[in-house]
Structure formats: structure tokens, C-alpha cells
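Morning, everyone. I have one structure to walk through today, and I'll start with a single residue before stepping back.

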Amino acid sequence: MKQHWTRLCLVIAAALCAPAFALAKGAVGHPPMLSVALHLHQPRVEISGTAGFKLTDGAGRQLDLQWGGTRMAVEGTLAGLRYKGATHQKLRVMPAGGGFAQVNGKPYRGFLELMADGRGSLNVVNHVGIESYLWGVVKAEISASAPVAAQRAQAVAARTFAMKNKDTNLSRGYGLKANEQSQVYGGVSMEDPRCTKAVNDTRGVVATFEGRLIEAQYHASCGGHTENNEDVWVSDPIPYERSRQCWGCQSSPMPPWSVSLDYGTIRKKLLQFDWDIGDISRIDFTKTKTGRVKDVMVHSTTGVARVPG
């Protein structure tokens, strides 16, 4: 995700901000841990540590201890993870010597877990505390030179989104993804002191509505007008996600865009999703009140296929 800070301020103002994990006086804080997929279905990665790393298997048995920046290869196979000639189903990379665990030379806080994906390749997941995670998100989602209030709003929105969606993909071995399908997360290399301060200044604060975490979706530009949530996703109307005019995005540097596709190209694209609709004869649209496409009705030799916008 990437957002315009004016829209963020409107989102935060529309909800009640509250602490997500408030602590009693003198208590030791335990912010939630997140599992973030860094790499999915990769044939091979290299693991290392900025100071060193300890490698354990799925049962916690130590397999290796490397010092310095030595990079070691792990390969995905149909049998599992291949490391130094042995096969494992799961590997854990723990930082050693006070440094950070690295994958393909990129450092991350917390620790890394490598898992066989059953396809002959592997997944890499970063287990990290939510506040440390946000240090690697805010700069990726908003400029470090943005106004302080905007950075704080971004921190609250990103924290709320993470808390709301942290268990989304647990059946696959992770909760969030490190790209736009969740939030862009760059680890230690994406941290900036200004953004880190914004995260620390809002520590534990999330946006809620009637005592529940809001759906904290955000974007780079809404094109000057947002949409009702039910016109974008299959969901019931949400009071705080009503269509609104957005003056900030009307002056966005992101230009309008368009694309033209002939019927043959559209049919090929639908086939990629196993939609064999035959030869297309006509295409109709339904639109939202702002004029955006809501549904596409494709008329063909096999009938009418509805493609949600």
C-alpha cells in the first residue's frame, strides 16, 4: 500500500484512536509478534547475519553457528530444505553477536524462519515485534520528509492494519506479506530516524470504531474521490468508509491513466483465471456514483460472465 497523507488524516479523524496494548504502570511491555512473508516460493536464498547467525532446525536443535557476514545457501527441493547436504522441513535463523539476521544480504529485526512449501521451493518468514516491524514500514509507505503529523498518522494506520490482519494467512505459515498485498516492509534497511520517532511517539495506538479495530485501508491517490467500501469489496456498508471528495488527491502528482484491450486480449486474460467464456460479443458496465467501473458484464457464446471491478 502507498498513501496520500491528507487521506490518512481523514481516516484517523473518522475513528477513535486508542492503545492496542496499554500497560499497567511498571509492567513490562510485550507488543504483539508478527509473522511477515519476505519471500514466497523461492528456489534458493542466502542466509547470513550482520555479526553472525545461529541456525536451528524445526525441533530447536542447533545445526550451525557462523560469524561475520558469511552467506550460506539454502535450497528448496521436493523433499524439503537443503542445507550443507542435509534436508530439513524448517530452519530458523537467529542473529548472533548483537546483529541482525539477513536473507539475501538484507537485514531484519527479530528472526527468520525458512519453510519448505511443498512445491520444491521455499518460503522465508520474518518473526518480529509489531513496533519494530513498523520502523521498516512507515518510510516505505510515506516519505521520511513528510510532515511529522502525517508520519504519525501513517504509523497509526499501519499499526491498525497490521493488528487487524496479522492472522490473515496463518494457515500458510505467515500472517502478513512484505509487499503491497499487505503493507510494504523493508526491514532494517528501510528505517529512518524520523519515521522511527513517529512510530515511537504513537506506540501502541490504533484506530477503532465502536471499540473495534477499523479496516485501515489506505492508498497513494484516490483520484479525488473515495468509494463506499461495499462498492470495492464484497462487504456490508461500514459507517466510516463512506465515499468522500478528497481535495488533497485532486492535486496528486499521479496522473490519470487508461488502457485499451480488444476482445481477444480480454478473453486470454480471463483464461489465465480458468474462465473460458468463448467468443465475446459485447461488454457492459455498471458504475459507482463516482463514475468508476463497479462490475463488468461480459456477453459471449457461453452466456454472461460478471467480473467484479
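Start at Asn126. You'll find Asn126 in strand β13, which covers residues 122-129. Keep in mind that this is a predicted model.

Is Asn126 buried or exposed? Buried: its relative accessible area is 0%. The cut-off for buried is under 20%, so Asn126 qualifies with its 0%.

What does the side chain of Asn126 pair with? Tyr185. The two side chains make a polar contact of 2.6 Å.

Now the rest of the surroundings. I'm skipping neighbours within four places in sequence.

Next, a helix. α4 runs over residues 148-165, 18 residues in total. From first C-alpha to last, α4 reaches 26 Å. That is close to the 26 Å expected at 1.5 Å a residue. Helix α4 is also mostly covered, with 14 of its 18 residues buried.

Now the whole chain. We have 7 helices and 19 strands. The C-alpha trace spans about 65 × 55 × 35 Å along its principal axes. There are 309 residues, and 45% of them count as buried.

Residues 24 or more positions apart account for 62% of them.

Last, surface and charge. The chain exposes about 16,200 Å², and carbon and sulfur atoms supply 53% of that. The chain carries 36 positive and 26 negative side chains. The centres of those two sets lie 5 Å apart.

Note on methods: Residues numbered from 1 in each chain as written. Predicted model: local features only at pLDDT ≥ 70, side-chain atom pairs only at ≥ 80, totals over all residues. Heavy atoms only, no water. Helix = DSSP H or I, 4+ residues; strand = E, 2+ residues; numbered from the N terminus. Buried < 20%, exposed > 50% of the residue type's maximum accessible area, 1.4 Å probe, protein only. Polar contact = N/O pair within 3.5 Å; in protein donor to acceptor, adjacent residues only side chain to side chain. Contact = heavy atoms within 4.5 Å. Expected span 1.5 Å × (residues − 1). Areas by Shrake-Rupley, 256 points an atom, 1.4 Å probe, with all protein chains shown as cover. Lys, Arg positive; Asp, Glu negative; His and termini not counted. Charge placed at Lys NZ, Arg CZ, Asp CG, Glu CD.
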